[in-house]
Amino acid sequence: MENWGAMLVELGLKLWRELLYILPYLAIGVFLEAVIRTFKWHVRIRKALTRFGLVSIVFATLLGAMSPLCACATLPLVISLLLAGLPLAPAVSLLVTSPLMSPASYTMLSGMLGLGWANMVLVSAIFLGLFAGYLTHWLRNFGFSEDVIFKKKLPEGDFHDPDYPVEELRCECGKQLSHRVDRCTHNKFLVFLAKFWEGAIKIGKFAMIGLIIEVVVTSFVPNQWIINLLSGEGLAPIFALTFATIPLHLPQVTAASMIFGFFLPDPGEAIALAKGPGIAMLVGGPVTALPVMGVFISMFRPRVVLLYLALCVTGTLFLALTVRVLPISL
């Protein structure tokens, strides 16, 4: 029993040290996202997407990279934009890019893995958004036009309406603390504080999940094979990680937190994460988040689901294989 107590204390101390190290970056990221959500800058850009034709693919990609919305919140938004007249191509760009990057993701990647990795994931997110958008546009005349992508005609109405008949798309944002504060006070500062709290809970939860998994695995499971996989320079680790992460719910912050513990067990140590496997996990994992795929399968025709998966997998492999041979250090 004493051994169990000592072991739990050791695990708690290790988790606490790693949490303290990433805490400033978590706070900065949550602060930036709270500012964006308070002033609704991403909403203003989003409303303009339906008016810019092919250029909207670029705008949608950039919006996805700066938006504080997670993948699960982005999909209902994308469907509502499609119903409002947005072409499928920019909708796919937004859906691909949003899980890969956000202000919080960028700051936490910078703190946990270094500025080089944060910039590389940002560039990868933008590339993947543009690649997915323009390829989807090219396929528009091959069974991917907006009028044939849904399994069934969706009922008209506002997704924010609590009585909207499609439960998977019904927005629950009206129940959030920040919306209640806004309705009661209309005070921007109080709304900002509420949104900061919401962001801290949401992002902190995903960071803690990653850190807990890493602490437990490094303490109880022989993990040299994981380290070999993530630090491997060959092709096998890239393909293994790309396909292994498809069925996992692995948000960006969780993936980064898991990697962080393997390669930076004590602040200040060198990171030995290989470029190809790193991109395979940091891009391939978040872009196929399991809850998103569940809604995707229930709402869209199978060919649209297969297109999305094909774009994500081929884009991830291309990025990982390309970064692997580039003469850059991260």
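How many of the 13 residues of α13 are buried? Of the 13, 13 are buried, so α13 is largely enclosed by the rest of the structure. By buried I mean under 20% relative accessible area, with exposed being over 50% and partly exposed in between, using a 1.4 Å probe and protein chains only.

Quick housekeeping. This is a predicted model, where local features need pLDDT of at least 70 and side-chain atom pairs count only at pLDDT 80 or more, while totals for chains, interfaces and linings use all residues. Residues are numbered from 1 along each chain as its sequence is written, and side-chain values use heavy atoms, with hydrogens and water left out.

Okay, the overall picture. We have 15 helices and zero strands in the chain; those are DSSP runs, H or I of at least four residues for helices and E of at least two for strands, numbered from the N terminus. The chain has 330 residues, and 49% of them are buried. If you take contacts between residues at least 6 apart in sequence, 80% join residues at least 24 apart. Contact here means heavy atoms within 4.5 Å.

Back to α13, residues 275-287. Its end C-alpha atoms are 18 Å apart, which agrees with the 18 Å it should span at 1.5 Å a residue. That expected span is 1.5 Å times one less than the number of residues.

Now the core. The largest nonpolar core has 69 residues, and Leu 282 and Phe 300 touch the most other members. Helix α15, residues 302-325, gives the most to this core, with 11 residues. A nonpolar core, for the record, is a set of buried Ala, Val, Leu, Ile, Met, Phe, Trp, Tyr and Cys residues joined through side-chain atoms within 4.5 Å. Beyond its neighbours within four places in sequence, Leu 282 has contacts including Leu 100, Leu 109, Trp 117 and Ile 259.

Next, the loop between α13 and α14, which is where Thr 288 lies. Thr 288 is buried, at 1% relative accessible area. Past its neighbours within four places in sequence, Thr 288 is in contact with residues including Met 293, Leu 309 and Cys 312. Pro 99 is 189 residues away from Thr 288 in sequence, yet the two sit 8.6 Å apart in space, C-alpha to C-alpha.

Speaking of cysteines: Cys 312 is buried at 1% relative accessibility, whereas Cys 184 is exposed at 67%. Searching the whole structure turns up zero disulfides, a disulfide being a pair of cysteine sulfur atoms within 2.5 Å.

On to the rings. There are three aromatic pairs in the structure. Phe 127 and Phe 131 are stacked, because their ring centres are 6.0 Å apart and their planes sit at 5°. Rings of Phe, Tyr and Trp (its six-membered ring) pair if their centres lie within 6.5 Å; planes under 30 degrees apart are stacked, over 60 edge-to-face, and the rest tilted. Both of these Phe residues lie in helix α7, four residues apart, about one turn. Phe 127 is partly exposed at 30%, and so is Phe 131 at 26%.

Phe 192 and Phe 196 make a tilted pair, with 6.2 Å centre to centre and 45° between the planes. They are also about one helical turn apart, being four residues apart in helix α9. Phe 192 is buried at 14%, while Phe 196 is partly exposed at 29%.

Last one, also in α9: Lys 195. Buried or exposed, then, for Lys 195? Buried, because its relative accessibility is 8%. Among its contacts, leaving aside neighbours within four places in sequence, are Arg 37, Ser 178 and His 179.
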